[in-house]
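I open my notebook on a structure that is new to me, and I want to set down what I looked up in the order I looked it up.

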Amino acid sequence: MATIGVSFIESFKTDTDLTANQFFAVTTGSAANTVILATGGSAPIPIGVLLNSPSSTQAAEVGFAGRLKMKVDAGTAINNGDLLTVNASGVGTIATGCFANGMALGVVASGCAIIDILWFTNTINIAHNTP
């Protein structure tokens with residue numbers, strides 16, 4: 001029997017109010033065991049996707065590997081299998097630089113949407129992906 005949709009989830013506290021950021025990428029906060037909204041694919045590196053919408057100091061459920069939902073911005077159409085990174089707003093977008101955090105498991109022609117993604121356990125370097 002196959003298992004579908006396995007994800008790894010950890011609980012953290014929040015440094016800031018994240019009630020409007022469910023399904024956005026998060027990274028480590030300034031205090032121990034806290035997370036904040038991620039601001040890009042490499043500085044700081046996103047650790048996962050926020051699965052709930054906590055206010056400041058509440059528990060934040062963070063998916064950090066596997067199949068998750070994520071808010072994406074399709075400035076360029078996103079297709080199934082496209083590699084994704086995180087933009088300055090903490091949402092997924094097509095990976096055009098050197099790093100990818102996940103892979104789209106859905107399609108968005110334009111605008112913002114919440115889709116299924118496969119979040120990688122490690123950020124991958126896609127700059128050297130030619131044979």
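The entries below go from strand pairing to one residue and then to charged pairs.

**Before starting.** I note that this is a predicted model, in which local features need pLDDT of at least 70 and side-chain atom pairs count only at pLDDT 80 or more, while totals for chains, interfaces and linings use all residues. Residues are numbered from 1 along each chain as its sequence is written, and side-chain values use heavy atoms, with hydrogens and water left out.

Entry: I looked up strands as DSSP runs (E, at least two residues, numbered from the N terminus), and I took two strands as paired if DSSP finds at least two bridges between them. Strand β2 (residues 25-28) runs antiparallel to strand β3 (residues 34-37), and three bridges join them. Threonine 27 has isoleucine 36 as its bridge partner in β3. The two strands, β2 and β3, form a hairpin with five residues between them, and asparagine 33 in the turn has a positive phi of about 60 degrees. I also found β2 paired with strand β4 (residues 48-50) in the antiparallel sense over two bridges, where valine 26 has glycine 48 as its bridge partner.

**Entry: strand β1.** I then turned to β1 and found that seven bridges join it to strand β5 (residues 59-74) in an antiparallel run, with phenylalanine 8 opposite alanine 65. With β3, in contrast, β1 pairs in the parallel sense over two bridges, and threonine 14 has valine 35 as its bridge partner there.

**Entry: glutamate 10.** This residue lies in β1 (residues 7-14). Leaving out residues up to four places away in sequence, glutamate 10 touches Ala60, Glu61, Val62 and Phe64, where contact means heavy atoms within 4.5 Å. Glutamate 10 and phenylalanine 64 are 54 residues apart in sequence, yet their C-alpha atoms are 7.6 Å apart.

**Entry: salt bridges.** I searched for a side-chain nitrogen of Lys or Arg within 4 Å of a carboxyl oxygen of Asp or Glu, and the whole structure holds two such salt bridges. Arginine 67 pairs with aspartate 116, their closest N and O atoms 3.2 Å apart. Lysine 69 meets aspartate 116 at 2.9 Å, N to O. Lysine 69 lies in strand β5 and aspartate 116 in strand β9, so this pair ties together parts 47 residues apart in sequence.

Terms used. Helices (H or I, at least four residues) and strands (E, at least two) are DSSP runs, numbered from the N terminus.
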